[in-house]
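Have the viewer open while you read.

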Amino acid sequence: MSEKDFEIVCAKIEDKKEFLNSISQEIWKMPELNYKEVQAHAVLTCALKRCGFQVQKHYFMPTAFRAEFCPKKVSGPTVAILLEYDALPEIGHACGHNLIAEAGLAAAIAVKAAMEEDADLKGKLVVMGTPAEEGGGGKIRLLELGAFEGIDSAMMVHPAKITNFFPRTLCNVRYSVQYKGKEAHAGACPWEGRNALDAAVSCYLNIAQLRQHLKPSWKIQAIITKGGTIPNIIPSAAEMEVHLRTPTRNELKVLRTRAEACFTSAATATGCEVQFRYDEANAYENLITNKVLANIFKEYAERLGLNRRPGEGEATFFGSTDMGNISHVVPAIHCFYSIPSDGINHTRCFTEASGAPEAQPNTLLIGKVLAMTTLKVFKSPEVLEEVKKQFEKDITDE
């Protein structure tokens, strides 16, 4: 990428920083849960239209969108910059998706400005609004509906407490577990009942005991969502939600077998029946970071002064994301950048951090890095070839 392109990107984002922050603040102040991001959808599509993009609102689903810019009718790669904007129940933007939207929007308007000035930049820029990352699998639905057909690479960034250009995320599958017992008067004749809550508690304890024998990178999270109505009735129904996470698909198969044994043994011990199902259609894949794209990203990040501290995040898994599913189909990056925060993602501290002025410098910087990485793909056909070769190798190795 030329020095002129570099200067255009930096100047454009600096010029628009107040506008970009206002978009982020509008989203942060009105957090919306997955598939209900009506206001965020309106704010972002309006901003993109105002900036000269061709915008498709309600793209395949009510709160998704697709915006495009292709100034020259010539062949070239199609690069997608992905935006997220859903929040978490009760604690709002505790994962900083308002900043993801801001950084992606910043990158998009900077790329557009550079493409308008540089005749050697050929290709199509797609800005895709992807709802419901927090458990709703919005990107999975978009993938199934064909939204990523023709996309040569997909990129996004994510705020965190630390910076990591080559993050690893976990596969994630969600179980619903229902126990059915028999109600009875808890004081008069409890022997007539079969306590479904006992089954759920036994299952929870089974899982707790199983954790001792799991690899450090394997995770099980469980909550009891239903356990009875009043104490003097033996509960005839209890329900649980259980999440399983592992670094790879094959490891997930092993963990699923062991977790299901916890479900069934609890039913046997308490004389209850059990039914469980996992949400196969909404299972998150592990993230495959395209090393070619990530190295380009790293180069520009370091040039602009965003340096990862030695060893920072290298052995860390960053939860799970539906961007993992995209990375198994399209060469992708999902780089993490640090913002000042007293807490990690999914805490109230991070909610405050994602709306604070202190988050702005690195968010604007990372928008510039994302823009320059995108322009590098547009500028250099050989780079895209390397990206695709790396992707094929990664998929084969997976």
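## Ground rules

This is a predicted model, so local features need pLDDT of at least 70 and side-chain atom pairs count only at pLDDT 80 or more, while totals for chains, interfaces and linings use all residues. Residues are numbered from 1 along each chain as its sequence is written, and side-chain values use heavy atoms, with hydrogens and water left out.

Helices (H or I, at least four residues) and strands (E, at least two) are DSSP runs, numbered from the N terminus.

## H11 against H4

Let's start with helix H4, residues 97–117, which packs against H11 at an angle of about 45 degrees, with the axes 8 Å apart. Those axes are lines fitted to C-alpha atoms, for helices over the stretch in contact, and the angles run from 0 to 180 degrees between N-to-C directions. That angle makes H4 oblique to H11. For the labels, under 35 degrees is roughly parallel, over 145 roughly antiparallel, 65 to 115 roughly perpendicular, and the rest oblique.

Who does the touching? On the H4 side, the residues include Leu99, Glu102, Ala103, Gly104 and Ala106; on the H11 side, Gln360, Thr363, Leu364, Ile366 and Gly367 are among them. Contact here means heavy atoms within 4.5 Å. Sorted by class, the contact of H4 with H11 has 14 nonpolar, 5 polar and 1 charged residues. The classes are Ala, Val, Leu, Ile, Met, Phe, Trp, Tyr, Cys and Pro as nonpolar, Asp, Glu, Lys and Arg as charged, and the others, Gly among them, as polar.

## H11 against H8

H11 (residues 360–379) also packs with helix H8 (residues 291–303), this time at about 130 degrees and with axes 9 Å apart. H8 and H11 are therefore oblique to each other, and their crossing is right-handed. H8 brings Leu293, Ile296, Phe297, Tyr300 and Ala301 to the contact, and H11 answers with Ile366, Val369, Leu370, Met372, Thr373, Lys376 and Val377. By class, that contact has 10 nonpolar, 1 polar and 1 charged residues.

## Salt bridges

How many salt bridges does the structure hold? There are 18 of them, each being a side-chain nitrogen of Lys or Arg within 4 Å of a carboxyl oxygen of Asp or Glu. Lysine 379 pairs with aspartate 5, with the closest N and O atoms 3.4 Å apart. This pair links distant parts of the chain, as lysine 379 is in helix H11 and aspartate 5 is in helix H1 (residues 3–15), 374 residues apart. Lysine 379 is partly exposed at 23% relative accessibility, whereas aspartate 5 is buried at 0%. The cut-offs are under 20% relative accessible area for buried, over 50% for exposed, and partly exposed in between (1.4 Å probe, protein chains only).

Within helix H7 (residues 249–270), glutamate 260 and arginine 256 lie 4 residues apart, about one turn of the helix. Their salt bridge has its closest N and O atoms 3.6 Å apart, and glutamate 260 is partly exposed at 21% relative accessible area. Salt bridges that share partners also join Asp5, Asp118 and Lys379 into one network.

Leucine 99, in helix H4, is buried with a relative accessible area of 0%. Leaving aside neighbours within four places in sequence, leucine 99 is in contact with Ser24, Pro159, Tyr337, Ile339, Ser354, Ala359, Gln360 and Thr363. Its C-alpha atom is 7.7 Å from that of histidine 158, 59 residues apart along the chain. Serine 354 lies in helix H10 (residues 348–354) and is buried at 1% relative accessibility. Beyond residues up to four places away in sequence, serine 354 touches Trp28, His93, Gly96, Asn98, Leu99 and Ile339.

Asparagine 282 sits in the loop between strand S9 (273–278) and H8, and counts as buried at 7% relative accessibility. With neighbours within four places set aside, asparagine 282 has contacts that include Gly135, Gly136, Gly137 and Arg174.

How values were computed. A crossing is left-handed if the near helix is turned anticlockwise from the far one by less than a right angle, and right-handed if clockwise.
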